[in-house]
Amino acid sequence: MKPPRRQRLRPHGSLLIEVSAALALTSALALIIMRASLLAISGNQWTIMQTLTDACLSRESALANRLPFADLTASQSAWPDVAVDPVPELTVTLGRVAGGQAMQGTLRRFRTAEVASNAETPLTVWRLHSVLSYRIGSQEYLKSRSTLRLQ
């Protein structure tokens, strides 16, 4: 006669515990990776904003260099004399960031008269200023460029 067969004791529900622990570990790892990638992207966004603002001010410098003196000293000049006129504000689009959102900034242009040190040759010297203000989140930033023009 054969001895009776022993049944193995299998713990019920251990598979559920193992799957739950693996899912929790995977979720924690996914959150850590997501946070690291968001930190990496935020540095790129800062670089993108600096590139956009530098491009806008480079355009301003180029425009200031090629502006004829007749247009510079006219009453409706793009760079009004700060001693005479109030400084107008112009809203400009700096570019588009990821997601297609347009970045706006405020541009102020004005000119100041500079003193020529050589009295023998009459020189008209103007410094053309372009000041750009823009926001990133709750912070406001200013960048400026100035161009010296001689006549």
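Is Arg135 buried, exposed or partly exposed? Arg135 is partly exposed, because its relative accessible area is 46%, where buried means under 20%, exposed over 50% and partly exposed in between (1.4 Å probe, protein chains only). The points below place this residue in its setting.

1. Basis of the note. This is a predicted model, in which local features need pLDDT of at least 70 and side-chain atom pairs count only at pLDDT 80 or more, while totals for chains, interfaces and linings use all residues. Residues are numbered from 1 along each chain as its sequence is written, and side-chain values use heavy atoms, with hydrogens and water left out.

2. Overall architecture. The protein has two helices and four strands, arranged along the sequence in the pattern α-α-β-β-β-β. Helices (H or I, at least four residues) and strands (E, at least two) are DSSP runs, numbered from the N terminus. Of the 151 residues, 26% count as buried. Among contacts between residues at least 6 apart in sequence, 50% join residues at least 24 apart; contact means heavy atoms within 4.5 Å.

3. Surface. The accessible surface of the protein comes to about 11500 Å², and 59% of this belongs to carbon and sulfur atoms. Such areas come from the Shrake-Rupley method with a 1.4 Å probe; for residues, only the protein chains shown count as cover. A nonpolar patch on the surface is formed by Leu31, Met34, Leu38 and Ile41, with about 400 Å² of accessible area together. Patches are made of residues with over 30% relative accessible area and no salt bridge; like charges are joined within 9 Å, and nonpolar side chains (Val, Leu, Ile, Met, Phe, Trp, Tyr) within 5 Å. Ile41 belongs to helix H1 (residues 14-66) and is partly exposed, with a relative accessible area of 42%.

4. Largest nonpolar core. A nonpolar core is a set of buried Ala, Val, Leu, Ile, Met, Phe, Trp, Tyr and Cys residues joined through side-chain atoms within 4.5 Å. The largest one has eleven residues: Met49, Leu52, Cys56, Leu57, Val92, Leu94, Val97, Met103, Leu107, Leu132 and Tyr134. At least two residues of this core come from each of H1, strand E1 (89-96), strand E2 (102-114) and strand E3 (125-136). H1 gives the largest share, four residues. A second, separate core of eight residues includes Ala64, Trp79, Trp126 and Leu128.

5. Met49 lies in helix H1 and is buried, with a relative accessible area of 6%. Neighbours within four places in sequence aside, Met49 is in contact with Leu94, Val97, Met103, Tyr134 and Ile136. Met49 and Val97 are 48 residues apart in sequence, and their C-alpha atoms are 8.2 Å apart in space. With neighbours within four places again left aside, Leu52 is in contact with Leu94, Gly95 and Val97.

6. Aromatic pair. A search of the whole structure finds one aromatic pair. Tyr134 and Tyr141 form this stacked pair, at 5.7 Å centre to centre and 25° between the planes. Rings of Phe, Tyr and Trp (its six-membered ring) pair if their centres lie within 6.5 Å; planes under 30 degrees apart count as stacked, over 60 as edge-to-face and the rest as tilted. Tyr134 counts as buried at 3% relative accessibility, whereas Tyr141 is partly exposed at 27%.

7. Salt bridges. Seven salt bridges are found in the whole structure, each being a side-chain nitrogen of Lys or Arg within 4 Å of a carboxyl oxygen of Asp or Glu. One of them joins Asp54 to Arg145, with the closest N and O atoms 3.4 Å apart. Asp54 lies in helix H1 and Arg145 in strand E4 (residues 139-150), so this pair ties together parts that are 91 residues apart in sequence. Another links Glu89 and Arg108, whose closest N and O atoms are 2.9 Å apart. Because Glu89 lies in strand E1 and Arg108 in strand E2, the pair ties together parts that are 19 residues apart in sequence. Glu89 counts as exposed at 56% relative accessibility, while Arg108 is partly exposed at 23%.

8. Arg135 forms a salt bridge with Glu140, and the closest N and O atoms are 3.9 Å apart. Glu140 counts as partly exposed at 48% relative accessibility.
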